[in-house]
Amino acid sequence: MKTDKSVKETAINMPEIKSDDKAKAPLLNSSKAIAVTVEQPNRGSKKGIASSDFVLRLFAMGAALGAAVTMGNNQQILPFFTQFIEFLAQYNDITTFVYFVTANAAVAGYLFLSLPFSVICINRPLATTPRLVLVIFDTVMMGITITAASASASMVYLAHNGNQNTMWLPFCQQFGNFCQTASGAVVGSLIAGTFLMFIIILSAFALK
């Protein structure tokens, strides 16, 4: 009789498991499964964006470096000269072209230094800190590239057409090779600025 009574007491005193606690386990597991399935496609797409970013940086660096080297080596000597006068045109005669060479060389150097950060974004596509740092500096460099190209384009226009109001005469008829080389360098700088613009757009999508 005593044993039966003790069995009954233990049976009565056993704690019951609430139905709410039972329902929590599958809900937590399902939420983790959803998080994993959502994270995988985001990681793949951001890695593709980071790879495109790396390629565009190489193109932009090549365009900026080519523009700086082309303008820096730009000079022309006319075939006729006198005993005391030599007709020579070179880029450092115009302050705007000096700024152009300096700006594009700086942008090319920055793009070279930014390549390791782009590689980090490829290996860690979900990391936001390196991507945010690159966006800030990319925006600054794009502004420098566009301003240098725009200012130099205005000087090339004046060299071709002159300005009658200020009595600035065009000199590209005499220094044709010099003007053509300067025009090519300006185009290269604008291409570099366009690549930087696409890089910033891709970075914005990656941060989103």
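Which helix holds both R57 and D53, and how many residues apart are they? Both lie in helix α2, 4 residues apart, or about one turn of the helix. The views below come from a predicted model.

**View 1**
R57 has a relative accessible area of 0% and is buried. D53 also counts as buried, at 0% relative accessibility. With the cut-off for buried set at under 20% relative accessible area, the value of 0% places R57 in that class.

**View 2. D53 meets R131 in a salt bridge.**
The N to O distance between the side chains of D53 and R131 is 3.4 Å. This pair links distant parts of the chain, since D53 belongs to helix α2 and R131 to helix α4, 78 residues apart. Both D53 and R131 are buried.

**View 3. R57 meets D138 in a salt bridge.**
Here the side chains of R57 and D138 come to 2.6 Å, N to O. R57 is in helix α2 and D138 in helix α4, so the pair ties together parts of the chain that are 81 residues apart in sequence. D138 is buried, its relative accessible area being 0%.

**View 4. A network of salt bridges links D53, R57, R131 and D138.**
The structure holds 3 salt bridges. R57 pairs in turn with D138.

**View 5. A disulfide joins C172 to C179.**
The count of disulfides in the model comes to 1. The S to S distance between C172 and C179 is 1.9 Å. The torsion about their S-S bond is about -90°, so the disulfide is left-handed. C172 is buried, with a relative accessible area of 11%. C179 counts as buried at 3% relative accessibility. Another cysteine, C121, counts as buried at 2%.

**View 6. The largest nonpolar core has 19 residues.**
The members that touch the most other members are M71, F97, F100 and F178. At least two residues of this core come from each of α2 (19-72), α3 (95-123), α4 (129-161) and α5 (176-207). Helix α5 supplies the largest share, 5 residues. Another core, of 17 residues, lies apart from this one and has M61, V107, A108 and A192 among its members.

**View 7. F178 and its contacts.**
Leaving aside residues up to four places away in sequence, F178 touches N74, Q75, Q76, A89, Q90, Y91, F97 and F171. F97, one of these contacts, is also listed with F178 among the core members that touch the most others.

**View 8. Spans listed as "transmembrane region" in UniProt.**
An unreviewed UniProt entry lists residues 54-72, 97-120, 132-159 and 185-207 under this name. In the model, residues 97-120 are 100% helix and 0% strand, and the end C-alpha atoms of this span are 35 Å apart. Residues 185-207 are likewise 100% helix and 0% strand, with 33 Å between the end C-alpha atoms.

Definitions and conventions: Residues numbered from 1 in each chain as written. Predicted model: local features only at pLDDT ≥ 70, side-chain atom pairs only at ≥ 80, totals over all residues. Heavy atoms only, no water. Core = buried A, V, L, I, M, F, W, Y, C linked by side-chain atoms within 4.5 Å. Buried < 20%, exposed > 50% of the residue type's maximum accessible area, 1.4 Å probe, protein only. Contact = heavy atoms within 4.5 Å. UniProt positions renumbered as here; feature names shortened; annotations may be inferred. Salt bridge = Lys/Arg side-chain N within 4 Å of Asp/Glu carboxyl O. Disulfide = S-S within 2.5 Å.
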